[in-house]
Amino acid sequence: MHYCQGVRLKDKENTAWFQNSQRLREQKRWSSCARPWTSRPGKLLRGVPKDDRIIEAINLGWMLHVEQKVAEGEDINDPEELSIGLFIDYSQDPTVRKSWGSLGTAITSSSIYSYERDRAIVPAETLQMLGFPRNMNLGGMQPGHIRDMAGESMSVPTIAMVLAAILIGGNFE
């Protein structure tokens, strides 16, 4: 049984996300109760469901990001500065899909949290992150339809990387 601060994580032990997160925490030697992002004073997680799996994804994404910055030799003393431009797709397992600083692709089920803004990103912002213009006319589209549209697209830099790999590779057969 797993307890955090005296509270049993009911019915979570048998879920894949819980097992993956505990495996990662054990591998990294992180406390199973550490909540370094969501326990920070003033963090409201606006627009984010307060579900154990999502809270865990946001905290794991943060810990993986900080670990990467330490490995790169960066100063990690200012969490607010570290959060600039950092996002996580909390609909995905963070042990599989890591947090990222720029959005290369999204999927139709993407639910994105901005650490910098401490809130969920609305679908129209996802399109902007993918390189679509801010003034793009969405013609009153429903948020779900916009999310689907974003999930079926790629950013211009991502397409450029794919095309460059094809052109450099030169194998067109």
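Biologist: Does Glu125 count as buried or exposed, and at what relative accessibility?

Modeller: The model is a predicted one. The general idea is to compare the relative accessible area with a cut-off: a residue is buried under 20%. At 15% relative accessibility, Glu125 therefore counts as buried.

Biologist: Which residue does the side chain of Glu125 meet in a salt bridge?

Modeller: The criterion is a side-chain nitrogen of Lys or Arg within 4 Å of a carboxyl oxygen of Asp or Glu. Here Glu125 meets Arg119, with 2.7 Å from N to O. Arg119 is partly exposed, its relative accessible area being 23%.

Biologist: How many salt bridges does this rule give, and which residues are linked in a network?

Modeller: The count comes to nine salt bridges. Arg25, Arg35 and Glu56 are linked in a network. Within it, the side chains of Arg35 and Glu56 meet at 3.5 Å, N to O. This pair links distant parts of the chain, 21 residues apart: Arg35 lies in the loop between helix H1 (16-28) and helix H2 (52-71), and Glu56 in helix H2 itself. Glu56 has 5% relative accessibility and counts as buried.

Biologist: What is the N to O distance in the salt bridge between Glu72 and Lys69?

Modeller: The distance is 3.6 Å. Lys69 counts as buried at 17% relative accessibility, whereas Glu72 is partly exposed at 44%.

Biologist: In the open sheet of three strands, what is the strand order, and which strands stand at the edges?

Modeller: The order is E3-E4-E5, with antiparallel pairing. Strands E3 (87-89) and E5 (119-120) stand at the edges; each has a single partner strand, so one side of each lacks a neighbour in the sheet. Three bridges join E3 to E4 (residues 112-114), and Tyr113 in E4 is the bridge partner of Ile88.

Biologist: What span does helix H6 reach, and how many of its residues are buried?

Modeller: A span is judged against the value expected at 1.5 Å a residue. Helix H6 (residues 156-169) reaches 20 Å from its first C-alpha to its last, close to the expected 20 Å. H6 is hardly covered, with one buried residue among its 14.

Note on methods: Residues are numbered from 1 along each chain as its sequence is written. This is a predicted model: local features need pLDDT of at least 70, side-chain atom pairs count only at pLDDT 80 or more; totals for chains, interfaces and linings use all residues. Side-chain values use heavy atoms; hydrogens and water are left out. Two strands pair if DSSP finds at least two bridges between them. Helices (H or I, at least four residues) and strands (E, at least two) are DSSP runs, numbered from the N terminus. The expected span of a helix is 1.5 Å times one less than its number of residues. Buried means under 20% relative accessible area, exposed over 50%, partly exposed in between (1.4 Å probe, protein chains only).
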